[in-house]
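These are my notebook entries on a single structure. I set down what I looked up, in the order in which I took it up.

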Amino acid sequence: LLDFLPKFHQYVARLGYILSCGEPVIETALYYPVRDMWATGGESSAASTHDALAQRLLERQCDFDLIDDDLLSAESTRVENGMLIAGHMRYRSIVSGPHEHMSEISRKRLAELEHSGGTVIRAANAIEAEAAVQMITPTVLLKPSASDIRVQVRRWPNGGVLMVFNEGLSDYIGEITLSLAGEPV
């Protein structure tokens, strides 16, 4: 085992470096209902629905970021042309489970996103999570589909990288389709 650790650390360092280059290609955000979780000690439908939504997004190869009220209500966060803009991030779609304690500013920002052409997808409970995420375009298309494959795309001028991770116990043999400009290598 001790012989393996240096090679593992080198591998993780290389992945960390690659994932720090350029900009992520993420247009979907999942609302993290932290205030609802605080109010219920984490034992709420908000928590279980959030977890179900995250799992379904991952299983469909939909890369996403987590956002919360702090980001939604920040003075620097704005809505333009159907996108929620926060720093360098641009989200076309926000996915949310139930939430009773979302700030009024956050609610208004999501309504503003919808009115400007963006998408806000809501699931009332964990059972609705599967149908809710069907409205999100996956980062890549797999043929045949596979729920254990995870993906992330990073883009930089004149290039980028697609990271594909198989979290399953068996090999995946299939095709992957990705829409990015440039020549794949």
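This is a predicted model: local features need pLDDT of at least 70, side-chain atom pairs count only at pLDDT 80 or more; totals for chains, interfaces and linings use all residues.

A disulfide would be a covalent bond between the sulfur atoms of two cysteines.

I turned to helix α1, which covers residues 4-20 and has 17 residues. From the first C-alpha to the last, α1 reaches 25 Å, and I recorded this as close to the 24 Å expected at 1.5 Å a residue. Just after α1, I noted that Gly22 takes a positive phi of about 65 degrees.

I located Thr49 in helix α3, residues 45-59. As a reminder to myself, an α-helix has 3.6 residues a turn, so residues three or four places apart point the same way. Setting aside neighbours within four places in sequence, I listed the contacts of Thr49 as Gly97, Pro98, Ala123, Ala124, Asn125 and Ala126.

Entry 4, strands β7 and β8. I next examined strand β7 (residues 93-96) and strand β8 (residues 119-122), which run parallel and are joined by 4 bridges. The chain passes from β7 to β8 by way of helix α5 (residues 104-115), and I recorded this β-α-β crossover as right-handed. Within the pair, Ile94 stands opposite Val120 of β8.

I found Leu142 in strand β9, residues 141-143. Leu142 is buried, with a relative accessible area of 14%. Which residues does Leu142 touch, not counting those up to four places away in sequence? I listed Gln61, Ile149, Tyr172, Glu175 and Ile176. I also looked up the separation between Leu142 and Asp70: they are 72 residues apart in sequence, and their C-alpha atoms are 35 Å apart in space.

Notes. Residues are numbered from 1 along each chain as its sequence is written. Side-chain values use heavy atoms; hydrogens and water are left out. Helices (H or I, at least four residues) and strands (E, at least two) are DSSP runs, numbered from the N terminus. The expected span of a helix is 1.5 Å times one less than its number of residues. Buried means under 20% relative accessible area, exposed over 50%, partly exposed in between (1.4 Å probe, protein chains only). Contact means heavy atoms within 4.5 Å. Two strands pair if DSSP finds at least two bridges between them. A crossover is right-handed if, with the strands pointing away from the viewer, the path from the first strand over the helix to the second runs clockwise.
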